[in-house]
Amino acid sequence: MPKITRRRALEGLGAAGIAGLAGCSSGPGGEGSGSGGTTTGSTGPMEITLGLFTPNSGAFAPWGPSLETGTRLAIQDLENELDVSVGLEVYDTKTDPSGALDAMKRAVTADGIDFAQGGINSSVCTKIGTWASDNNVSYIGQGASDSLRGEACQPFMYMVYQTNHMMATTIGREMADTTDNWYVLYADYVWGHNAEQVVTSAVEENGATVVGKDATPFPNDDYTQYINNVANSDADGVALLIPGPDASRAVKQMRNQGLTDITIGAQMLEDMVFWGLDHEAAAMVDIASMGWVNTIDGVGDFNDRVAEAGELDPFVRHAKSYTSADQHVRAAVRAGSTRAEDIREELEGHEVQSAAKDIHGGGEMYWRACDHELVSPVFSATAREASAMQDDPYKQWFDVTDTTPGDDVVRSCEETGCTL
Amino acid sequence: MSDDADPRSAALGTEGLSKHFGGIVAVDEVDLAVESGELRAIIGPNGAGKTTLFNVVTHALAPTSGSVYLDGEDVTDVPQERRPHLGLARSFQSNELFAELSVLENVRVIAQTAADGTFSFSLLGDGRAVRADEARDILARVGLSEHAETEAKNLSHGDQRRLGIAMAIATEPSVLLLDEPTSGMGPGESRETVELVQSLQDDLGLTVLMIEHDMEIVLSVSDRITVLNRGSVLATGTPDEIQGDDDVQDAYLGGVREEL
Amino acid sequence: MSTSSSRTLGLDRLSAGGAAVWGAIALLLLVALAVEPGLFVDQFVGGLVYGMTLVLIALGLSIILGLLGIVNFAHGALFMLGAYFTYQLMALWGLPFWVALVVAPLLVGLVGVLMERLVLQWLYDEPPLAGLLAAFGIALMIQEATRAIWGDTPLSVATPAVLAQSADLAVTTVARIRLFSVVVAALVVLGVYLLIERTDFGLSVRAGVQDREMAGFLGIDMPRRFVLMFFLGAVIAGIGGVLQGTAVGMSPTMGQQYIIITFVVVVVGGIGSLFGSVVAGLLIGEAVFLTPLVLRSLADVTGVGALAVPGIGGLVPYLVMILVLLVRPRGLYGQEGFME
Ligand SMILES: Nc1ncnc2c1ncn2[C@@H]1O[C@H](COP(=O)(O)OP(=O)(O)OP(=O)(O)O)[C@@H](O)[C@H]1O
Ligand SMILES: [Mg+2]
């Protein structure tokens with residue numbers, strides 16, 4: 001077993017990985033088995049208990065299982081590669097942030113977790129991340145909201161998901177490149193309003209025009225009146241800055257209403273929410289910005305392992321959960337400690353060299369010290385033709401058309417408003 | 001003095017019919033034999049047990065003991081909701097009706113239930129639904145035709161009492177029990193109502209038992225009168241016999257004879 | 001004693017103030033029509049279609065509330081089941097939409113009957129809160145069972161080919177599936193009206209609703225009628241679920257989401273008034289679709305950009321409810337108000 005994993009690790013690392021391995025024996029920036037010495041030397045493998053916060057009820061419940069699957073795969077790889085033993089405790093973030101907070105308190109005070117990760121919506125991330133930081137517990141979340149690396153940033157809180165701003169800037173550029181007149185539908189809450197501003201300015205900076213826009217209620221399942229607005233405008237493209245399931249409903253309704261010629265752009269699309277649609281409807285998405293998609297080059301056997309291990313086909317949350325656990329545990333091993341201060345020292349400025357980088361296509365990924373963002377590439381994708389969509393052994397509906405380096409679209413440290 | 005006829009061959013008969021409420025004996029060993037086509041008045045002071053007698057006859061309350069016969073058939077144990085099909089109907093002392101249905105609908109719903117037309121779905125045509133014609137006939141008989149579409153709760157008190165009678169005859173009964181049909185009416189209206197009862201009885205060949213407080217009406221329209229006192233039958237007889245009965249005089253009628 | 005009737009419109013009682021309000025609304029609509037005629041027509045038709053969808057969902061709730069006095073909180077769950085049964089029949093068993101349209105509502109009706117026989121029938125004589133809580137519990141059970149069986153991820157079925165395109169109505173185009181829903185909803189409303197108002201069965205049910213005890217004395221078999229009405233209410237919820245599920249898709253939260261707007265419709269229409277539910281559904285549908293347009297036109301005409309409140313659409317049903325209840329606490333055509 002260790003042999004196989006060793007080989008897999010080597011395969012996965014590739015050229016960049018070899019450099020990383022070389023570094024692991026000496027430099028603090030490297031990753032690997034060597035530097036966990038403080039615990040391994042005396043008492044056998046380093047023991048870590050990881051608390052995972054995942055939505056198993058409420059509006060985000062469909063995402064829940066993927067967080068656990070991704071985390072377990074990472075733990076498997078880590079235990080095979082490093083001299084470490086990782087215990088996993090899973091907590092339900094419930095439907096509201098205060099439920100998640102209760103779980104976090106219990107995890108830390110009663111169950112004694114060493115550090116925490118998970119949480120996919122910004123209100124939950126903010127709540128549990130703030131408490132964790134106040135209590136010197138390291139926490140890696142998956143919220144996309146800019147405030148998490150802005151006014152709400154915390155000394156011991158980190159985010160692995162590309163920000164709303166990065167995604168919106170990417171899709172805004174793509175949109176301007178694709179066609180000239182855009183109609184923007186955005187969800188009527190902070191996330192949507194932010195995205196609308198970023199997309200509009202990106203579209204206009206790149207020479208195209210936003211001819212109309214509507215804030216749509218959330219959640220909402222009848223998009224007819226907004227589709228009417230689009231159809232009555234001069235737009236030849238419509239941008240959906242709407243959370244996943246609602247975006248998929250909107251697409252389906254556009255198709256039913258006969259609005260099939262228009263170019264559809266979707267911001268921060270998670271393909272999983274489109275899998276409920278029929279192929280023809282999903283195929284209408286022309287351009288999308290994505291945090292990860294299972295057709296990235298270099299993803300290796302990650303897709304197959306996810307498909308075997310979990311109930312959900314591989315999508316962005318698997319990759320982000322894998323990355324969270326991978327980075328968290330490696331930092332602790334390097335530091336030889338799970339103290340929040342020590343992990344912070346390891347993570348800030350660290351460049352990812354592990355398999356987490358490979359499944360993201362091998363582009364540069366690093367932990368920015370000023371706001372604790374894992375700066376990662378943003379993927380542009382398009383839906384396949386209905387006939388080319390793969391369903392077995394797992395769904396592959398979107399193809400990558402472009403990869404934008406994270407540094408090209410991430411806000412500068414000054415713009416974030418975070419002062420770490 | 002009592003009913004001479006055999007309760008088991010009368011249109012409506014009771015034998016030893018009693019109803020106890022705990023210690024209270026509301027109806028005490030009552031024997032009745034009301035002949036077909038008769039108009040029988042039931043009189044007695046307040047609390048004598050008149051309404052309770054109707055309740056046990058119709059099985060709204062189960063009798064404590066005794067039997068009820070309809071046309072010689074023992075119907076003591078036939079439950080309340082089957083009574084309409086036996087040809088036994090009653091009106092209530094208080095106005096019991098479906099306040100928010102129209103007058104016509106109040107009669108129709110009873111007529112259709114008695115006809116067991118519970119699942120007919122007649123959607124078209126002038127009649128709207130089965131028994132609508134019969135219902136209109138009945139309204140015409142009791143003089144409520146012009147109020148057919150009025151909601152029952154908007155009728156005058158007197159019209160509501162008449163609607164009660166209409167609803168009772170909508171089941172096409174052979175025996176009709178009326179609990180104070182004239183209560184709350186002025187003298188003129190009372191007289192009209194009693195005449196209505198008499199004409200219904202003649203036209204439909206009904207046997208009628210009527211609880212009534214107005215002695216003038218009772219003495220003028222009844223074929224026979226049963227006087228209840230403390231639950232038991234004090235006397236039964238023609239108006240003349242009752243007026244001449246000393247027991248009744250003592251116990252109940254007081255100075256009526258002198259007045260007459 | 002109240003002299004109002006569920007059959008009178010109640011509009012005659014509106015004061016001069018009321019007339020002024022109607023006048024102002026008419027004026028605003030005219031402004032919108034003048035500024036964007038094409039879009040106005042689109043939105044008007046869209047509002048009608050959406051309103052009829054609301055009517056279809058609200059109707060079953062209204063029947064059960066009005067006739068049985070039970071606030072059937074599980075109505076949303078029954079609606080959701082209609083959608084998931086459609087998924088089961090179409091996506092998993094490969095049956096055509098038309099089969100699902102008939103079979104799924106009947107299955108939902110069966111679930112409704114079980115609910116009534118096993119639980120709710122024992123609560124008719126209890127305070128309304130008991131029925132509400134029981135129904136709420138059933139709703140949660142159905143929702144969790146749905147999660148367990150079909151999962152959390154939103155699902156959808158392919159819209160049948162004939163209904164998948166848009167219909168050209170000359171003035172506007174509408175998704176055919178929506179138009180089909182309107183036709184079905186209209187037929188259901190008509191059918192329910194005929195059943196309740198024009199049949200002997202309906203008459204006996206109405207009688208029983210007013211005085212169950214007396215109806216029982218008169219020989220009307222009320223328990224059987226209540227089961228049938230519950231079946232009917234559930235079937236209608238199921239039909240709504242099939243159509244909504246086909247047009248939009250299904251998720252385990254759709255019931256929760258819709259039960260609220262459905263209550264708004266019933267309350268605005270007036271508890272106990274089927275006709276009120278129909279009017280309220282259409283009113284709210286139109287308000288949701290036309291309010292943003294009216295505000296935007298007004299902002300155009302007056303130059304006051306702030307009038308075009310972004311995202312007002314989601315609030316409109318509740319604004320309508322507040323306005324209506326302020327003027328008529330019993331709702332448009334209700335007998336006894338929720339709020340009186
Ligand atoms: N359901 C009941 N439970 C207990 N006692 C009852 C009940 N119904 C009647 N009674 C009692 O039985 C007695 C007879 O009452 P009933 O109503 O039959 O008298 P009535 O002759 O109809 O009087 P009225 O002329 O006032 O209508 C009364 O003492 C009454 O209190
Ligand atoms: Mg009495």
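A salt bridge here is a side-chain nitrogen of Lys or Arg within 4 Å of a carboxyl oxygen of Asp or Glu. Keep that cut-off in mind, and keep in mind too that you're looking at a predicted model.

With that in hand, start inside chain A. The side chains of A:Arg317 and A:Glu270 come together with N and O 2.9 Å apart, which makes the pair a salt bridge. What does that pair tie together? A:Arg317 sits in helix H12 (residues 316–335) of chain A, while A:Glu270 is in the loop between strand S9 (263–266) and helix H10 (279–282) of chain A, so the bridge links parts that are 47 residues apart in sequence. Count over all chains and the structure has 32 salt bridges.

Now step back to the chains themselves. There are two pairs of chains in contact, and it's chains A and C that share the most contacts. Chains A and B, on the other hand, don't touch, and the nearest C-alpha atoms of the two are 37 Å apart.

So let's look at how A meets C. Chain A puts 32 residues into the contact and chain C puts in 37 residues. The size of an interface is often given as the accessible area lost when the parts come together. For chain A and chain C, the buried area is about 2,700 Å², with carbon and sulfur atoms giving 46% of it.

How many salt bridges run between chain A and chain C? The count is two. One of them pairs C:Arg296 with A:Asp214, where the closest N and O atoms are 3.8 Å apart; that falls within the 4 Å cut-off. Polar contacts join these chains as well, with 12 residue pairs counted between chain A and chain C, both partners being at pLDDT 80 or more. If you want to find chain A's side of this contact by eye, look for strand S6 (181–187), strand S7 (209–216), helix H8 (224–231) and helix H9 (244–256), the elements of chain A that each give two or more residues to it. H9(A) gives the most, with six residues. By type, the residues on the side of chain A that touches chain C split into 12 nonpolar, 12 polar and eight charged.

Next, head over to chain B and ligand 1. The residues around ligand 1 include B:Phe21, B:Ala26, B:Gln93, B:Glu180 and B:His213, along with B:Asn46, B:Gly47, B:Ala48, B:Gly49, B:Lys50, B:Thr51 and B:Thr52. Which helix supplies the largest share of the shell around ligand 1? That's helix H1 (residues 50–57) of chain B, with three residues. Sorted by type, the shell around ligand 1 has three nonpolar, seven polar and two charged residues.

B:Thr52 has a polar side-chain atom 2.5 Å from an oxygen atom of ligand 1, and B:Asn46 has one 2.9 Å from an oxygen atom of ligand 1. With B:Gly49 it's a polar backbone atom instead, 3.0 Å from an oxygen atom of ligand 1. Taken on its own, ligand 1 has 640 Å² of accessible area, and the protein covers 62% of that.

While you're on chain B, follow H1 out to the loop between H1 and strand S4 (65–70) of chain B, which is where B:His59 is found. B:His59 isn't a glycine, yet its phi is positive, about 65 degrees.

A:Asn136 isn't a glycine either, and its phi is positive at about 60 degrees. You'll find A:Asn136 in the loop between helix H5 (122–134) and strand S4 (138–141) of chain A. Further along, the peptide bond joining A:Asp392 and A:Pro393 is cis, with omega about 0 degrees. A:Pro393 belongs to the loop between strand S13 (378–383) and strand S14 (398–404) of chain A.

Last stop: A:Glu415, in helix H16 (residues 413–416) of chain A. The side chain of A:Glu415 reaches the backbone nitrogen of A:Ser412 at 2.9 Å. A:Glu415 and A:Gly150 are 265 residues apart along the chain, but their C-alpha atoms are separated by 8.3 Å.

Terms used. Residues numbered from 1 in each chain as written. Chains lettered and ligands numbered in written order. Predicted model: local features only at pLDDT ≥ 70, side-chain atom pairs only at ≥ 80, totals over all residues. Heavy atoms only, no water. Contact = heavy atoms within 4.5 Å. Buried area = accessible area lost by both parts, 1.4 Å probe. Polar contact = N/O pair within 3.5 Å; in protein donor to acceptor, adjacent residues only side chain to side chain. Helix = DSSP H or I, 4+ residues; strand = E, 2+ residues; numbered from the N terminus. Nonpolar A, V, L, I, M, F, W, Y, C, P; charged D, E, K, R; others polar. Near = heavy atom within 4 Å. Areas by Shrake-Rupley, 256 points an atom, 1.4 Å probe, with all protein chains shown as cover.
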